[in-house]
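Let's take a look at a protein model together, one piece at a time. Keep the picture open while you read.

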Protein chains: 2
Amino acid sequence: MSNREKHDRMANAIRALAMDAVQAANSGHPGMPMGMADVATVLFGKVLKFDPTDPHWADRDRFILSAGHGSMLLYSLLYLTGYEGMTIDDIKNFRQLGSRTPGHPEYGHTVGVETTTGPLGQGIATSVGFALAERMLAAQFGSDLVDHYTYVIAGDGCLMEGLSEEAIEIAGRQKLNKLIVMWDDNHITIDGPTSLSVATDQLARFEASGWEATRIDGHDPDAILAAIERAKASDKPSLIACRTTIGFGAPNKQGTNGVHGTPLGAAEIAATRQALGWEYDPFVIPSDVLDAWRLAGLRSRQAHKAWNERLSAADMEKRGEFERRLRGELPSKFSEAVAGVIAKARADGGAVATRKSSEITLEAITAALPEMVGGSADLTHSNNTKTKATSVYVEPPKYDGRYVNWGIREHGMAAAMNGITLHGGFIPYGGTFLVFSDYCRPAIRMAALMGIRVVYVFTHDSIGVGEDGPTHQPVEQIAALRAIPNLLVFRPCDTVETAEAWKLALEHKTGPSVLALTRQNLPLLRTDAGTERCLTARGAYELVAASDEAKVSLFASGSEVSMAVAAREQLESQGIPTRVVSVPSFELFLNQPEESRRQVVGQAPVKIAIEAAIRQGWDAIVGSDAAFVGMHGFGASGPAPEVFAHFGITVEGVVATALSRLKG
Amino acid sequence: MSNREKHDRMANAIRALAMDAVQAANSGHPGMPMGMADVATVLFGKVLKFDPTDPHWADRDRFILSAGHGSMLLYSLLYLTGYEGMTIDDIKNFRQLGSRTPGHPEYGHTVGVETTTGPLGQGIATSVGFALAERMLAAQFGSDLVDHYTYVIAGDGCLMEGLSEEAIEIAGRQKLNKLIVMWDDNHITIDGPTSLSVATDQLARFEASGWEATRIDGHDPDAILAAIERAKASDKPSLIACRTTIGFGAPNKQGTNGVHGTPLGAAEIAATRQALGWEYDPFVIPSDVLDAWRLAGLRSRQAHKAWNERLSAADMEKRGEFERRLRGELPSKFSEAVAGVIAKARADGGAVATRKSSEITLEAITAALPEMVGGSADLTHSNNTKTKATSVYVEPPKYDGRYVNWGIREHGMAAAMNGITLHGGFIPYGGTFLVFSDYCRPAIRMAALMGIRVVYVFTHDSIGVGEDGPTHQPVEQIAALRAIPNLLVFRPCDTVETAEAWKLALEHKTGPSVLALTRQNLPLLRTDAGTERCLTARGAYELVAASDEAKVSLFASGSEVSMAVAAREQLESQGIPTRVVSVPSFELFLNQPEESRRQVVGQAPVKIAIEAAIRQGWDAIVGSDAAFVGMHGFGASGPAPEVFAHFGITVEGVVATALSRLKG
């Protein structure tokens with residue numbers, strides 16, 4: 001059998017599995033796996049450095065299927081190359097409840113899936129984080145331990161999403177030459193030919209941002225291999241436009257949008273079998289083909305062994321640190337660093353903005369944690385994200401810094417941070433204004449869905465922004481973030497709670513965290529010196545008790561906690577026993593045992609929630625019969641104190657609400 | 001005085017007002033207005049077709065300040081050219097509460113502001129909608145009535161946001177040659193030189209998408225004028241890179257990020273006055289300069305008069321229709337069209353997906369409303385957004401269609417829809433999957449903030465998506481959309497409610513609306529034939545009464561209403577009087593009088609809310625003590641009925657919850 005015949009049979013195995021699994025599920029996307037089977041066969045068969053027996057090998061090449069709807073391409077490859085945890089039965093159960101083969105690849109669910117994909121553009125943007133992490137980790141631990149490529153298969157949809165431009169520009173600025181994107185240039189989207197909506201010269205577009213770009217016949221194995229080899233040798237990130245026929249092999253449907261997201265149907269599948277000369281039953285892979293694929297899976301065994309030896313031979317301390325970093329464990333001095341911040345804050349007293357509290361905390365913990373990588377979407381000195389320890393920029397050619405200038409690209413930043421975490425070895429954090437969390441929301445959702453540790457530093461967290469006005473004043477963003485499952489949202493009230501929030505965010509390995517922080521100064525409220533309790537971990541707690549059986553309970557987060565404390569003083573001075581509950585995190589509070597929650601909420605006849613944001617979400621904490629002092633619509637431009645007064649979010653407003661409720 | 005001297009004095013008036021207003025406010029962005037003063041002076045002084053005495057003149061050129069933080073540039077121009085509603089006192093009150101000069105330009109708040117800007121990228125993307133609307137309206141009413149340009153000033157931040165790429169690609173595909181973007185190419189962002197984060201050749205980038213691109217000295221009036229004239233004559237959209245010095249004129253700070261977003265300070269302002277030869281007190285414009293500017297404001301009077309004459313001379317019917325379209329009034333046959341859909345649905349009965357219900361409604365109303373322009377982000381046949389009346393594509397050279405192929409660009413679509421509405425003459429609607437509302441959320445927020453009529457058709461609105469899995473199953477999106485102030489969110493339960501939702505969305509001129517629609521079939525529930533009441537307008541209403549005094553009230557939206565009806569039958573058959581409340585819109589319900597709301601909520605001892613989404617928001621409707629059958633985290637991949645069963649969102653689940661509550 002010629003090399004070409006062997007290649008064709010290996011590629012046709014992918015095509016057959018894809019069309020048969022989609023047919024069996026009666027749902028899914030056969031077109032892309034069939035179209036990109038040749039590219040994938042060359043990549044996995046001849047190029048990719050990977051070891052199916054050790055999917056977590058730190059120095060493996062990463063493969064990211066940005067066009068996640070083509071999941072059967074990836075599942076086929078995982079099965080064919082011999083990953084444990086991907087059997088032919090898993091392929092047969094494609095898209096069934098509880099299977100290892102869900103509709104789109106899910107990180108943490110299926111072995112060998114480097115990142116969850118499906119929402120278009122996320123894969124290519126996440127891959128920038130992978131490739132950047134590789135360069136950074138190599139800079140810190142040397143190329144004997146870290147030296148791998150990041151390969152991406154992307155579709156037209158990925159390239160049309162604006163997110164991809166942010167990713168392309170970041171990769172170009174960072175000269176991520178070990179990032180290689182193979183674009184499934186099949187001229188088809190769901191609605192029809194790409195010409196309906198695209199007139200962009202993609203090669204020129206990528207080149208404009210410092211990429212190498214080339215176009216090849218995506219069904220010519222030699223051309224594919226040559227292009228990948230050229231890309232590997234380039235000093236720029238590379239785009240390989242692979243001109244393909246979507247649904248390649250389906251004689252009556254290929255090249256049309258009819259094969260994109262619909263089963264081929266029994267007749268066309270039979271015709272495809274004939275056209276491809278594939279005479280085997282569904283889900284049957286002949287032994288010569290399976291052997292060839294399994295051999296491909298063994299191709300990097302030697303490289304893996306040599307890498308293991310290099311790791312074993314490494315300096316003990318370096319090795320220990322490398323392994324700790326990859327396990328994502330925090331060093332022992334972490335807790336001390338946080339404790340030091342809290343002790344100093346209590347000693348110093350004084351009012352600071354929580355964005356400054358965050359900076360103070362970051363100074364200590366970035367010094368203690370070399371794995372932390374900071375950044376901001378061009379608001380460094382507003383987000384207070386740069387510290388002494390992270391003051392050197394991550395940039396070519398050395399990549400030895402710890403601070404990324406993401407540019408005004410919140411979405412690209414958030415997606416790349418996902419990639420940095422997924423690669424391993426780093427804990428990324430990045431800043432923007434809270435209101436612009438909307439710009440990166442899809443990538444935040446991906447982090448939450450994957451359950452990975454990323455920290456968002458969202459400052460300017462309310463109408464306290466002041467003069468910038470309603471475009472820049474978050475009103476609904478906190479509620480909208482609290483709505484995302486598996487995302488911890490912290491809105492701390494002072495330096496102590498901010499330090500505790502950072503501690504919890506970094507200890508939370510199974511999901512992302514948001515810190516919502518003020519621009520305006522706030523007094524220190526947590527003066528409970530001597531105790532070591534991390535009260536923020538409870539989500540909500542009584543900050544100030546009432547002088548007697550409470551008639552009023554005030555619940556607040558962030559900048560409104562000090563307002564509640566001041567209102568309590570006025571109410572107490574009028575003989576009304578009043579307590580204050582600080583609520584830095586809804587999620588953590590709602591996870592407390594019911595009895596604890598009941599105690600914190602208390603029995604006061606008047607309950608008032610106070611937050612310079614909309615009410616949505618508060619009812620679950622305080623009950624829908626509680627009063628609310630907060631926002632009921634968009635904000636307004638003006639000096640912050642005047643804006644707060646305009647919307648009645650003041651000490652006087654809280655007192656008046658309490659008195660009115662007590663009367664009522 | 002030479003022309004150049006005159007130009008310089010006019011431009012320096014902008015610089016002086018900008019630096020003085022920012023200084024007085026002690027907050028704001030002087031750098032951009034000072035840097036782009038020359039470009040703006042040429043544009044407003046020599047090119048722009050506008051009439052300050054009639055800011056709403058339909059055929060004015062549109063000017064969009066995409067770099068909205070440079071609002072003092074726009075406010076200065078509005079004052080200098082003589083807009084009523086912008087006085088020197090307004091300039092002095094820059095950024096003060098209640099002033100006409102908020103931190104960022106706000107549409108509907110300040111005369112002459114075409115669109116709210118500030119969140120970067122929104123302006124340039126919205127401008128694509130303006131330019132497209134111009135072409136479409138010209139195609140329908142002729143170039144004697146519609147023939148104007150759309151000018152944009154954009155900054156580095158606008159170009160870095162991925163949204164801008166979507167906008168650029170749409171404009172290139174649509175060959176919007178009357179769109180002219182002037183980029184403030186000042187090499188500075190907030191964090192420092194653009195080289196920190198950008199290595200993109202912007203001219204090449206725009207050219208790759210079919211734009212004309214050129215670079216000029218942004219301080220050379222002749223070069224600016226020549227470039228604009230060339231751009232006007234081009235058959236492509238144009239980018240003019242205006243190489244400028246940020247903070248031009250401030251001798252010690254210009255060209256640095258120090259002038260971007262901070263007052264210059266008294267000393268630097270004095271030095272700037274000296275450097276520019278501007279010897280006047282703050283807010284004083286010498287009469288020669290003010291006269292020159294006011295003359296510029298009169299420049300298009302003749303053109304305006306001629307246009308008025310052409311409109312007067314037009315066919316009465318055409319003129320009436322043109323004016324109706326621009327007023328945004330619905331034609332009288334609109335209500336009939338909706339009523340026809342409802343009558344036919346009741347006659348037909350049968351189960352249909354609400355996305356199909358929406359299509360049925362759209363068939364009728366797009367036929368009745370020529371102003372409706374449809375589209376989808378490449379999910380036309382999933383969103384069911386294309387109708388017979390809108391089947392012709394909007395595309396060059398004729399632009400006579402009514403359906404836009406937006407491509408896989410949700411954010412660009414939503415922002416362009418804002419521009420289409422703002423331009424006037426059209427009601428845009430556009431589709432994608434509900435889960436991808438996250439991708440266009442910032443533009444939805446802009447529509448809500450501006451209070452403009454845009455309709456989002458978001459299908460596949462729950463775990464009912466099934467096999468595509470958690471990446472494609474919205475769980476928190478409905479809550480997150482309900483969180484946006486001034487956005488109507490509809491989740492209709494059948495064809496009648498869907499038709500009513502469309503009616504309300506189109507009648508709602510002061511804000512955008514979302515229709516959240518199912519992929520799966522739903523039975524007709526609103527069989528109340530003969531009544532003409534639009535019950536959806538109440539937000540929630542009793543759909544099925546209990547047989548006796550209700551022991552259980554079931555509240556549900558969308559696909560879960562039929563589930564509630566089935567559960568009611570089971571409970572009633574067990575002797576438990578149960579009522580069902582349909583809740584198609586939280587916002588409309590919460591706006592009802594308290595007494596009406598109390599009646600709808602009722603007094604049943606057991607209340608259960610049912611929605612295949614997270615609970616957040618429901619407490620405000622049903623109370624925090626009610627039970628909830630819905631989602632508590634992300635979804636799962638599998639056939640939809642199995643997924644519903646897996647999460648306990650079933651008739652049996654509702655019945656069991658009711659029984660358990662009745663016992664407790």
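Strands (E, at least two residues) and helices (H or I, at least four residues) are themselves DSSP runs, numbered from the N terminus.

## Ground rules

This is a predicted model, where local features need pLDDT of at least 70, side-chain atom pairs count only at pLDDT 80 or more, and totals for chains, interfaces and linings use all residues. Residues are numbered from 1 along each chain as its sequence is written, chains are lettered from A in the order in which they are written, and side-chain values use heavy atoms, with hydrogens and water left out.

## Strand E2 of chain B

In E3(B), which covers residues 179–185, B:Val181 is the bridge partner of B:Val152. Altogether 5 bridges join E2(B) to E3(B), and the two run parallel. Strand E1(B) (residues 62–65) also runs parallel to E2(B), joined by 4 bridges; here B:Arg62 partners B:Thr150.

## Strand E17 of chain A

Over in chain A, 5 of the 5 residues of E17(A) (residues 552–556) are buried, so this strand is largely enclosed by the rest of the structure. E17(A) is joined by 5 bridges to E19(A) (residues 606–611), running parallel, and A:Ala556 stands opposite A:Ile610.

Another 5 bridges join E17(A) to E18(A) (residues 578–582), also parallel. The chain gets from E17(A) to E18(A) through helix H22(A) (residues 559–573), in a right-handed β-α-β crossover (with the strands pointing away from you, the path from the first strand over the helix to the second runs clockwise).

## Helix H21 of chain B

What caps the N-terminal end of H21(B)? B:Asp494 does, with a side-chain oxygen 3.1 Å from the backbone nitrogen of B:Val496. Of the 13 residues of H21(B), 11 are buried, so this helix is largely enclosed by the rest of the structure. Among them are B:Trp502 and B:Leu504.

## How the chains relate

Chain B can be laid on chain A by a turn of 180 degrees and a shift of 0.0 Å along the axis, with an RMSD of 0.0 Å (least squares on C-alpha atoms of residues with pLDDT of at least 70 in both). That's the relation of a two-fold axis.

Note on methods:
Buried < 20%, exposed > 50% of the residue type's maximum accessible area, 1.4 Å probe, protein only. Pairing = 2+ DSSP bridges. Polar contact = N/O pair within 3.5 Å; in protein donor to acceptor, adjacent residues only side chain to side chain.
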